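This report covers one protein chain.

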Amino acid sequence: MAAMVPLRAVAALFLERQHLARPRARRLTPQRLVRFVEDAGGLQLDSINVLDRAHYLTLWSRFGPYDRSRLDRLVYRRRLLFEYWAHAACLVPTSTLPWWRRAMLDYRSRHTGWSGWLRRNAKVLSAVQAAVRANGPMANADFEGRRPAGGGWWSWRPAQHALHHLWMTGALAIHSRQHFQKRYDLLERALPDALGVAPVSSEEFQHWHLERSLRAMGAATELDLARYLTFPRFAPGTRRRALRAMLERGEVTEIEVEGAPGRWLALTRDLPALARAERVSSPSEGTTFLSPFDSLLWHRDRAARLFGFDYRIEVYTPGPKRVHGYYTLPILHHGHLIGRVDAKTHRAERRLEVRHVHFEPWFAAAGASPAGRGPVDRDAALAGVAGAMGSLGAFVGADEVSIGRVTPRRLRAPLTRCLGAARPDEQVRRAEDSCYHPRT
(Lines give C-alpha, C1' and ligand atoms only; values in the text may rest on other atoms or scores of the structure.)
Protein backbone atom coordinates (compact mmCIF):
# COMPACT_ATOMS: atom_id res chain seq x y z
CA MET A 1 0.00 0.00 0.00
CA ALA A 2 1.35 3.42 -0.95
CA ALA A 3 1.56 6.27 1.53
CA MET A 4 -1.43 8.48 2.24
CA VAL A 5 -2.08 11.01 -0.53
CA PRO A 6 -3.82 14.32 0.25
CA LEU A 7 -7.09 14.93 -1.57
CA ARG A 8 -5.72 18.26 -2.84
CA ALA A 9 -2.92 16.38 -4.63
CA VAL A 10 -5.49 14.24 -6.46
CA ALA A 11 -7.40 17.39 -7.43
CA ALA A 12 -4.23 19.12 -8.61
CA LEU A 13 -3.17 16.21 -10.82
CA PHE A 14 -6.73 15.92 -12.19
CA LEU A 15 -6.62 19.59 -13.23
CA GLU A 16 -3.21 19.09 -14.84
CA ARG A 17 -4.36 16.05 -16.81
CA GLN A 18 -7.45 17.96 -17.93
CA HIS A 19 -5.19 20.78 -19.23
CA LEU A 20 -6.60 23.25 -16.71
CA ALA A 21 -3.41 24.05 -14.80
CA ARG A 22 -3.12 27.32 -16.80
CA PRO A 23 -6.48 27.89 -18.47
CA ARG A 24 -6.57 30.22 -21.49
CA ALA A 25 -2.82 30.81 -21.25
CA ARG A 26 -1.80 29.10 -24.51
CA ARG A 27 -3.34 29.23 -27.96
CA LEU A 28 -4.86 26.21 -29.64
CA THR A 29 -2.58 24.36 -32.07
CA PRO A 30 -3.05 20.98 -33.78
CA GLN A 31 -0.53 19.39 -31.44
CA ARG A 32 -2.20 20.80 -28.31
CA LEU A 33 -5.62 19.76 -29.56
CA VAL A 34 -4.59 16.14 -30.00
CA ARG A 35 -2.63 16.08 -26.75
CA PHE A 36 -5.61 17.39 -24.78
CA VAL A 37 -8.08 14.90 -26.25
CA GLU A 38 -5.59 12.06 -25.75
CA ASP A 39 -5.13 13.04 -22.11
CA ALA A 40 -8.85 13.58 -21.41
CA GLY A 41 -9.96 10.50 -23.34
CA GLY A 42 -12.56 12.36 -25.39
CA LEU A 43 -14.11 15.72 -26.22
CA GLN A 44 -17.85 15.53 -25.66
CA LEU A 45 -20.33 16.74 -28.28
CA ASP A 46 -23.81 18.03 -27.53
CA SER A 47 -26.50 19.69 -29.61
CA ILE A 48 -27.48 22.45 -27.14
CA ASN A 49 -26.45 25.79 -28.61
CA VAL A 50 -27.85 28.41 -26.24
CA LEU A 51 -24.31 29.69 -25.69
CA ASP A 52 -22.15 27.63 -28.05
CA ARG A 53 -21.62 23.95 -28.82
CA ALA A 54 -20.17 21.97 -25.93
CA HIS A 55 -16.95 20.87 -27.66
CA TYR A 56 -16.21 24.44 -28.78
CA LEU A 57 -16.67 25.66 -25.20
CA THR A 58 -14.51 22.91 -23.71
CA LEU A 59 -11.61 23.95 -25.95
CA TRP A 60 -12.22 27.66 -25.24
CA SER A 61 -11.95 26.85 -21.50
CA ARG A 62 -8.40 25.61 -22.10
CA PHE A 63 -7.15 27.79 -24.94
CA GLY A 64 -9.27 30.94 -25.05
CA PRO A 65 -10.74 32.26 -28.34
CA TYR A 66 -9.80 30.39 -31.51
CA ASP A 67 -11.08 29.91 -35.06
CA ARG A 68 -13.89 27.32 -35.05
CA SER A 69 -13.64 26.77 -38.80
CA ARG A 70 -9.97 25.87 -38.42
CA LEU A 71 -10.87 23.40 -35.69
CA ASP A 72 -13.51 21.83 -37.95
CA ARG A 73 -10.90 21.44 -40.69
CA LEU A 74 -8.52 19.72 -38.28
CA VAL A 75 -11.29 17.28 -37.35
CA TYR A 76 -13.18 16.65 -40.58
CA ARG A 77 -10.45 17.22 -43.20
CA ARG A 78 -7.14 16.42 -41.55
CA ARG A 79 -8.91 13.78 -39.45
CA LEU A 80 -6.89 14.39 -36.31
CA LEU A 81 -9.99 13.34 -34.39
CA PHE A 82 -13.07 11.32 -35.27
CA GLU A 83 -16.50 10.90 -33.75
CA TYR A 84 -17.37 7.89 -31.66
CA TRP A 85 -18.98 7.00 -28.35
CA ALA A 86 -16.57 7.32 -25.38
CA HIS A 87 -18.24 9.01 -22.41
CA ALA A 88 -21.17 9.98 -24.60
CA ALA A 89 -20.87 11.14 -28.21
CA CYS A 90 -17.30 12.39 -28.38
CA LEU A 91 -14.42 13.34 -30.60
CA VAL A 92 -11.58 10.91 -29.97
CA PRO A 93 -8.02 10.87 -31.38
CA THR A 94 -7.60 9.05 -34.68
CA SER A 95 -4.42 7.61 -33.19
CA THR A 96 -6.67 5.51 -30.90
CA LEU A 97 -8.50 3.84 -33.79
CA PRO A 98 -7.03 0.33 -33.13
CA TRP A 99 -8.72 0.35 -29.71
CA TRP A 100 -12.03 1.85 -30.79
CA ARG A 101 -12.12 -0.58 -33.73
CA ARG A 102 -12.29 -3.34 -31.13
CA ALA A 103 -15.26 -1.60 -29.49
CA MET A 104 -16.95 -1.30 -32.90
CA LEU A 105 -16.44 -4.99 -33.69
CA ASP A 106 -17.57 -6.10 -30.24
CA TYR A 107 -20.71 -3.98 -30.59
CA ARG A 108 -21.81 -6.22 -33.47
CA SER A 109 -21.94 -9.29 -31.26
CA ARG A 110 -22.95 -7.85 -27.89
CA HIS A 111 -26.59 -7.77 -26.84
CA THR A 112 -27.38 -4.07 -26.92
CA GLY A 113 -31.15 -4.08 -27.43
CA TRP A 114 -30.77 -4.14 -31.20
CA SER A 115 -31.41 -7.85 -31.78
CA GLY A 116 -35.14 -7.69 -32.48
CA TRP A 117 -34.87 -4.55 -34.60
CA LEU A 118 -32.08 -6.03 -36.71
CA ARG A 119 -34.12 -9.17 -37.42
CA ARG A 120 -37.09 -7.11 -38.56
CA ASN A 121 -35.10 -4.53 -40.54
CA ALA A 122 -32.24 -6.40 -42.20
CA LYS A 123 -33.30 -5.07 -45.61
CA VAL A 124 -33.35 -1.48 -44.31
CA LEU A 125 -29.81 -1.88 -42.96
CA SER A 126 -28.54 -3.20 -46.30
CA ALA A 127 -30.38 -0.53 -48.28
CA VAL A 128 -29.02 2.32 -46.17
CA GLN A 129 -25.45 1.07 -46.41
CA ALA A 130 -25.82 0.61 -50.18
CA ALA A 131 -27.20 4.14 -50.56
CA VAL A 132 -24.24 5.64 -48.71
CA ARG A 133 -21.83 3.54 -50.76
CA ALA A 134 -23.42 4.77 -53.99
CA ASN A 135 -24.09 8.40 -53.12
CA GLY A 136 -21.32 9.41 -50.74
CA PRO A 137 -21.93 11.30 -47.48
CA MET A 138 -25.59 11.27 -46.44
CA ALA A 139 -27.57 12.67 -43.52
CA ASN A 140 -30.77 11.48 -41.86
CA ALA A 141 -32.76 13.98 -43.91
CA ASP A 142 -31.57 12.39 -47.15
CA PHE A 143 -33.66 9.30 -46.47
CA GLU A 144 -37.34 9.56 -47.22
CA GLY A 145 -39.97 8.27 -44.85
CA ARG A 146 -42.30 9.43 -42.13
CA ARG A 147 -41.51 9.38 -38.46
CA PRO A 148 -43.55 6.65 -36.75
CA ALA A 149 -46.14 7.57 -34.15
CA GLY A 150 -45.06 7.63 -30.52
CA GLY A 151 -42.17 9.22 -28.70
CA GLY A 152 -38.74 8.46 -27.38
CA TRP A 153 -35.55 7.22 -28.94
CA TRP A 154 -37.25 4.23 -30.54
CA SER A 155 -39.50 6.54 -32.55
CA TRP A 156 -36.61 7.22 -34.92
CA ARG A 157 -37.25 6.40 -38.55
CA PRO A 158 -35.86 3.00 -39.63
CA ALA A 159 -33.16 4.71 -41.71
CA GLN A 160 -32.01 6.67 -38.66
CA HIS A 161 -31.75 3.45 -36.66
CA ALA A 162 -29.75 1.92 -39.48
CA LEU A 163 -27.33 4.85 -39.74
CA HIS A 164 -26.72 4.82 -36.00
CA HIS A 165 -26.14 1.06 -35.86
CA LEU A 166 -23.83 1.13 -38.89
CA TRP A 167 -21.85 3.93 -37.23
CA MET A 168 -21.58 2.15 -33.87
CA THR A 169 -20.40 -1.06 -35.55
CA GLY A 170 -17.81 0.70 -37.72
CA ALA A 171 -19.39 0.19 -41.14
CA LEU A 172 -19.93 3.95 -41.38
CA ALA A 173 -18.21 6.97 -39.84
CA ILE A 174 -19.21 10.61 -39.39
CA HIS A 175 -17.84 12.25 -42.51
CA SER A 176 -18.75 15.83 -41.56
CA ARG A 177 -21.48 17.99 -40.09
CA GLN A 178 -23.69 20.63 -41.70
CA HIS A 179 -25.51 22.86 -39.21
CA PHE A 180 -24.45 20.24 -36.67
CA GLN A 181 -26.34 17.50 -38.55
CA LYS A 182 -24.24 14.36 -39.01
CA ARG A 183 -23.32 13.21 -42.51
CA TYR A 184 -22.28 9.58 -42.76
CA ASP A 185 -19.90 7.87 -45.16
CA LEU A 186 -18.20 4.50 -45.40
CA LEU A 187 -15.55 4.15 -42.71
CA GLU A 188 -12.79 3.54 -45.23
CA ARG A 189 -13.69 6.69 -47.18
CA ALA A 190 -14.07 8.95 -44.14
CA LEU A 191 -10.94 7.59 -42.46
CA PRO A 192 -8.54 6.41 -45.20
CA ASP A 193 -6.70 3.19 -44.37
CA ALA A 194 -9.08 2.51 -41.46
CA LEU A 195 -9.83 -1.01 -42.61
CA GLY A 196 -6.11 -1.68 -42.63
CA VAL A 197 -5.88 -0.87 -38.93
CA ALA A 198 -5.68 -4.09 -36.96
CA PRO A 199 -7.99 -3.99 -33.93
CA VAL A 200 -6.48 -4.91 -30.59
CA SER A 201 -7.76 -7.92 -28.68
CA SER A 202 -10.62 -7.61 -26.19
CA GLU A 203 -8.17 -8.03 -23.31
CA GLU A 204 -5.88 -5.33 -24.69
CA PHE A 205 -8.86 -3.01 -25.09
CA GLN A 206 -10.00 -3.53 -21.48
CA HIS A 207 -6.47 -2.81 -20.25
CA TRP A 208 -6.21 0.31 -22.44
CA HIS A 209 -9.65 1.54 -21.38
CA LEU A 210 -8.68 1.42 -17.70
CA GLU A 211 -5.27 2.92 -18.38
CA ARG A 212 -6.80 5.83 -20.32
CA SER A 213 -9.30 6.57 -17.56
CA LEU A 214 -6.71 6.44 -14.79
CA ARG A 215 -4.36 8.60 -16.85
CA ALA A 216 -7.11 11.20 -17.38
CA MET A 217 -8.03 11.36 -13.70
CA GLY A 218 -4.65 10.87 -12.04
CA ALA A 219 -6.21 8.77 -9.28
CA ALA A 220 -9.70 7.33 -9.08
CA THR A 221 -12.08 5.03 -7.29
CA GLU A 222 -13.66 2.09 -9.07
CA LEU A 223 -16.89 4.08 -9.35
CA ASP A 224 -14.95 6.96 -10.93
CA LEU A 225 -13.62 4.49 -13.51
CA ALA A 226 -17.11 3.28 -14.32
CA ARG A 227 -18.48 6.82 -14.68
CA TYR A 228 -15.66 8.43 -16.66
CA LEU A 229 -15.41 6.63 -20.00
CA THR A 230 -18.87 5.09 -19.83
CA PHE A 231 -18.72 3.28 -23.18
CA PRO A 232 -18.62 0.39 -23.62
CA ARG A 233 -20.55 -1.01 -20.71
CA PHE A 234 -18.43 -3.99 -19.83
CA ALA A 235 -20.09 -7.19 -18.68
CA PRO A 236 -20.27 -7.61 -14.89
CA GLY A 237 -16.88 -8.44 -13.48
CA THR A 238 -14.95 -7.64 -16.67
CA ARG A 239 -13.51 -4.33 -15.45
CA ARG A 240 -12.68 -5.81 -12.05
CA ARG A 241 -10.82 -8.76 -13.58
CA ALA A 242 -8.83 -6.45 -15.85
CA LEU A 243 -8.03 -4.20 -12.89
CA ARG A 244 -6.94 -7.15 -10.78
CA ALA A 245 -4.55 -8.23 -13.53
CA MET A 246 -3.07 -4.72 -13.73
CA LEU A 247 -2.60 -4.66 -9.94
CA GLU A 248 -0.89 -8.06 -10.01
CA ARG A 249 1.47 -6.89 -12.76
CA GLY A 250 2.30 -3.75 -10.79
CA GLU A 251 0.88 -1.38 -13.42
CA VAL A 252 -1.71 -0.04 -10.97
CA THR A 253 -1.19 0.74 -7.28
CA GLU A 254 -3.83 0.94 -4.60
CA ILE A 255 -3.52 4.16 -2.57
CA GLU A 256 -5.19 5.85 0.36
CA VAL A 257 -6.53 9.37 -0.08
CA GLU A 258 -6.79 11.56 3.00
CA GLY A 259 -10.38 12.49 3.80
CA ALA A 260 -11.77 10.20 1.09
CA PRO A 261 -12.42 6.69 2.38
CA GLY A 262 -12.51 3.69 0.13
CA ARG A 263 -10.13 2.15 -2.35
CA TRP A 264 -8.36 4.57 -4.66
CA LEU A 265 -6.21 3.52 -7.59
CA ALA A 266 -3.46 5.15 -9.61
CA LEU A 267 -1.14 4.12 -12.39
CA THR A 268 2.13 3.15 -10.71
CA ARG A 269 4.02 5.43 -13.06
CA ASP A 270 1.84 8.34 -11.85
CA LEU A 271 2.91 8.08 -8.20
CA PRO A 272 5.76 10.61 -8.70
CA ALA A 273 3.29 12.98 -10.37
CA LEU A 274 0.98 12.70 -7.36
CA ALA A 275 3.94 13.48 -5.08
CA ARG A 276 4.76 16.58 -7.15
CA ALA A 277 1.11 17.65 -7.12
CA GLU A 278 1.18 17.51 -3.33
CA ARG A 279 3.95 20.12 -3.27
CA VAL A 280 2.44 22.73 -5.63
CA SER A 281 1.28 25.92 -3.93
CA SER A 282 -1.66 26.34 -6.32
CA PRO A 283 -3.03 23.57 -8.55
CA SER A 284 -4.10 26.04 -11.23
CA GLU A 285 -3.37 29.62 -12.23
CA GLY A 286 -6.11 31.54 -14.01
CA THR A 287 -9.86 31.77 -14.42
CA THR A 288 -12.17 30.09 -16.88
CA PHE A 289 -15.69 28.72 -17.25
CA LEU A 290 -16.46 25.05 -17.86
CA SER A 291 -19.04 23.61 -20.21
CA PRO A 292 -21.68 21.45 -18.46
CA PHE A 293 -20.29 18.60 -20.59
CA ASP A 294 -16.63 19.20 -19.69
CA SER A 295 -14.67 16.04 -18.95
CA LEU A 296 -13.73 17.50 -15.55
CA LEU A 297 -17.44 17.14 -14.69
CA TRP A 298 -18.26 13.82 -16.33
CA HIS A 299 -18.71 12.25 -12.92
CA ARG A 300 -20.47 14.91 -10.85
CA ASP A 301 -19.90 13.14 -7.53
CA ARG A 302 -16.16 13.18 -8.17
CA ALA A 303 -16.27 16.97 -8.59
CA ALA A 304 -18.10 17.18 -5.27
CA ARG A 305 -15.47 15.03 -3.53
CA LEU A 306 -12.45 16.82 -4.98
CA PHE A 307 -13.66 20.43 -5.09
CA GLY A 308 -16.62 20.58 -2.69
CA PHE A 309 -18.79 21.65 -5.63
CA ASP A 310 -22.27 20.20 -6.14
CA TYR A 311 -23.10 20.62 -9.80
CA ARG A 312 -26.15 19.51 -11.74
CA ILE A 313 -27.09 20.68 -15.21
CA GLU A 314 -30.61 22.14 -15.13
CA VAL A 315 -31.42 22.10 -18.86
CA TYR A 316 -33.89 19.28 -18.26
CA THR A 317 -35.32 20.79 -15.05
CA PRO A 318 -38.64 22.68 -15.40
CA GLY A 319 -38.04 26.43 -15.29
CA PRO A 320 -39.72 27.13 -11.94
CA LYS A 321 -37.62 24.44 -10.28
CA ARG A 322 -34.25 25.65 -11.53
CA VAL A 323 -31.90 26.97 -8.86
CA HIS A 324 -29.00 28.37 -10.89
CA GLY A 325 -30.21 28.62 -14.49
CA TYR A 326 -30.77 26.81 -17.77
CA TYR A 327 -27.16 26.40 -18.96
CA THR A 328 -24.76 27.10 -16.13
CA LEU A 329 -20.99 27.04 -16.50
CA PRO A 330 -18.93 26.34 -13.35
CA ILE A 331 -16.32 29.02 -12.61
CA LEU A 332 -12.79 27.67 -12.12
CA HIS A 333 -10.43 30.13 -10.44
CA HIS A 334 -6.94 29.15 -9.31
CA GLY A 335 -8.03 25.54 -8.87
CA HIS A 336 -11.23 26.33 -6.96
CA LEU A 337 -14.79 26.04 -8.25
CA ILE A 338 -16.12 29.31 -6.86
CA GLY A 339 -19.52 29.59 -8.54
CA ARG A 340 -21.39 29.31 -11.81
CA VAL A 341 -22.48 31.50 -14.69
CA ASP A 342 -25.79 31.17 -16.56
CA ALA A 343 -25.17 32.69 -19.99
CA LYS A 344 -26.85 33.01 -23.39
CA THR A 345 -25.56 34.26 -26.75
CA HIS A 346 -27.86 36.66 -28.64
CA ARG A 347 -26.30 36.22 -32.05
CA ALA A 348 -28.43 38.72 -33.98
CA GLU A 349 -27.67 41.40 -31.38
CA ARG A 350 -24.02 40.35 -31.01
CA ARG A 351 -24.50 40.28 -27.26
CA LEU A 352 -23.47 37.87 -24.53
CA GLU A 353 -26.07 37.93 -21.78
CA VAL A 354 -24.82 36.78 -18.41
CA ARG A 355 -28.20 36.13 -16.86
CA HIS A 356 -27.02 35.08 -13.44
CA VAL A 357 -23.70 34.76 -11.65
CA HIS A 358 -24.09 32.62 -8.56
CA PHE A 359 -21.07 32.52 -6.25
CA GLU A 360 -20.60 29.75 -3.73
CA PRO A 361 -21.50 30.81 -0.16
CA TRP A 362 -18.00 30.11 1.17
CA PHE A 363 -16.50 32.37 -1.50
CA ALA A 364 -19.02 35.16 -0.97
CA ALA A 365 -18.29 35.08 2.76
CA ALA A 366 -14.50 35.15 2.16
CA GLY A 367 -14.28 31.79 3.88
CA ALA A 368 -12.05 28.79 3.41
CA SER A 369 -12.42 26.71 0.27
CA PRO A 370 -13.98 23.28 0.83
CA ALA A 371 -11.08 21.95 -1.22
CA GLY A 372 -8.94 22.75 1.81
CA ARG A 373 -6.44 25.30 0.51
CA GLY A 374 -7.46 28.35 2.50
CA PRO A 375 -9.45 31.43 1.43
CA VAL A 376 -9.43 32.86 -2.09
CA ASP A 377 -8.53 36.49 -2.82
CA ARG A 378 -11.96 37.81 -3.75
CA ASP A 379 -10.77 40.89 -5.63
CA ALA A 380 -8.47 38.83 -7.84
CA ALA A 381 -11.20 36.27 -8.39
CA LEU A 382 -13.77 38.88 -9.47
CA ALA A 383 -11.21 40.35 -11.86
CA GLY A 384 -10.58 36.88 -13.24
CA VAL A 385 -14.30 36.21 -13.70
CA ALA A 386 -14.71 39.52 -15.55
CA GLY A 387 -11.73 38.67 -17.76
CA ALA A 388 -13.22 35.27 -18.57
CA MET A 389 -16.52 36.96 -19.47
CA GLY A 390 -14.69 39.25 -21.85
CA SER A 391 -12.84 36.35 -23.41
CA LEU A 392 -16.03 34.33 -23.81
CA GLY A 393 -17.76 37.35 -25.33
CA ALA A 394 -14.98 37.68 -27.89
CA PHE A 395 -15.21 33.97 -28.67
CA VAL A 396 -18.96 34.01 -29.36
CA GLY A 397 -18.69 37.20 -31.43
CA ALA A 398 -20.33 39.56 -28.95
CA ASP A 399 -19.75 43.29 -29.03
CA GLU A 400 -21.36 43.63 -25.61
CA VAL A 401 -21.41 41.62 -22.40
CA SER A 402 -24.32 42.36 -20.07
CA ILE A 403 -24.64 41.15 -16.50
CA GLY A 404 -28.05 40.46 -14.93
CA ARG A 405 -28.38 38.99 -11.46
CA VAL A 406 -25.46 38.28 -9.16
CA THR A 407 -25.81 36.21 -6.01
CA PRO A 408 -25.01 37.55 -3.50
CA ARG A 409 -26.23 40.92 -4.77
CA ARG A 410 -23.48 42.89 -3.04
CA LEU A 411 -20.92 41.42 -5.47
CA ARG A 412 -22.69 42.74 -8.57
CA ALA A 413 -21.27 46.27 -8.41
CA PRO A 414 -17.60 45.24 -8.03
CA LEU A 415 -17.99 42.57 -10.74
CA THR A 416 -19.58 45.10 -13.11
CA ARG A 417 -16.79 47.56 -12.41
CA CYS A 418 -14.27 44.91 -13.33
CA LEU A 419 -16.04 44.14 -16.57
CA GLY A 420 -16.14 47.81 -17.57
CA ALA A 421 -17.65 49.27 -20.70
CA ALA A 422 -15.06 48.32 -23.33
CA ARG A 423 -15.58 45.79 -26.11
CA PRO A 424 -14.99 42.21 -24.90
CA ASP A 425 -11.99 41.54 -27.15
CA GLU A 426 -10.30 44.78 -26.08
CA GLN A 427 -11.05 44.28 -22.44
CA VAL A 428 -9.96 40.78 -21.54
CA ARG A 429 -6.49 41.56 -20.24
CA ARG A 430 -7.52 44.93 -18.79
CA ALA A 431 -10.20 43.29 -16.68
CA GLU A 432 -7.79 40.70 -15.37
CA ASP A 433 -4.69 42.86 -14.95
CA SER A 434 -6.00 46.33 -14.07
CA CYS A 435 -9.31 45.89 -12.28
CA TYR A 436 -9.37 47.65 -8.92
CA HIS A 437 -12.18 48.05 -6.47
CA PRO A 438 -12.43 48.27 -2.68
CA ARG A 439 -13.02 45.01 -0.86
CA THR A 440 -16.71 44.62 0.00
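Which residue forms a salt bridge with Arg-351? Glu-349 does, with the closest N and O atoms 3.1 Å apart.

## Basis

The model is predicted: local features need pLDDT of at least 70 and side-chain atom pairs count only at pLDDT 80 or more, while totals for chains, interfaces and linings use all residues. Residues are numbered from 1 along each chain as its sequence is written, and side-chain values use heavy atoms, with hydrogens and water left out.

## Salt bridges

A salt bridge here is a side-chain nitrogen of Lys or Arg within 4 Å of a carboxyl oxygen of Asp or Glu. The whole structure holds 22 salt bridges.

In the pair with Glu-349, Arg-351 has a relative accessible area of 18% and is buried (buried is under 20%, exposed over 50%, partly exposed in between, with a 1.4 Å probe and protein chains only). Arg-350 pairs with Asp-399 at 2.9 Å, N to O. Arg-350 is partly exposed at 41%, and Asp-399 is partly exposed at 32%.

Glu-353 and Arg-355 form a salt bridge at 3.7 Å, N to O. Glu-353 is partly exposed at 22%, as is Arg-355 at 30%. Elsewhere, a network of salt bridges links Glu-222, Arg-240, Glu-254 and Arg-263.

## Helices α7 and α8

Helix α7 (residues 122–135) packs on helix α8 (residues 158–168) at an angle of about 70°, and the axes are 9 Å apart. Axes are lines fitted to C-alpha atoms over the stretch in contact, and angles run from 0 to 180 degrees between N-to-C directions. The two helices are therefore roughly perpendicular (65 to 115 degrees).

On the α7 side the contact (heavy atoms within 4.5 Å) uses Val-124, Leu-125, Val-128, Gln-129 and Val-132. On the α8 side are Pro-158, Ala-159, Ala-162, Leu-163, His-165 and Leu-166. These residues divide into nine nonpolar, two polar and no charged (Ala, Val, Leu, Ile, Met, Phe, Trp, Tyr, Cys and Pro are nonpolar, Asp, Glu, Lys and Arg charged, the others, Gly among them, polar).

## Overall fold

The chain has 18 helices and 15 strands, taken as DSSP runs numbered from the N terminus (helices H or I, at least four residues; strands E, at least two). Of its 440 residues, 57% count as buried. The C-alpha trace spans about 70 × 60 × 40 Å along its principal axes.

Terms used
Parallel < 35°, antiparallel > 145°, perpendicular 65-115°, else oblique.
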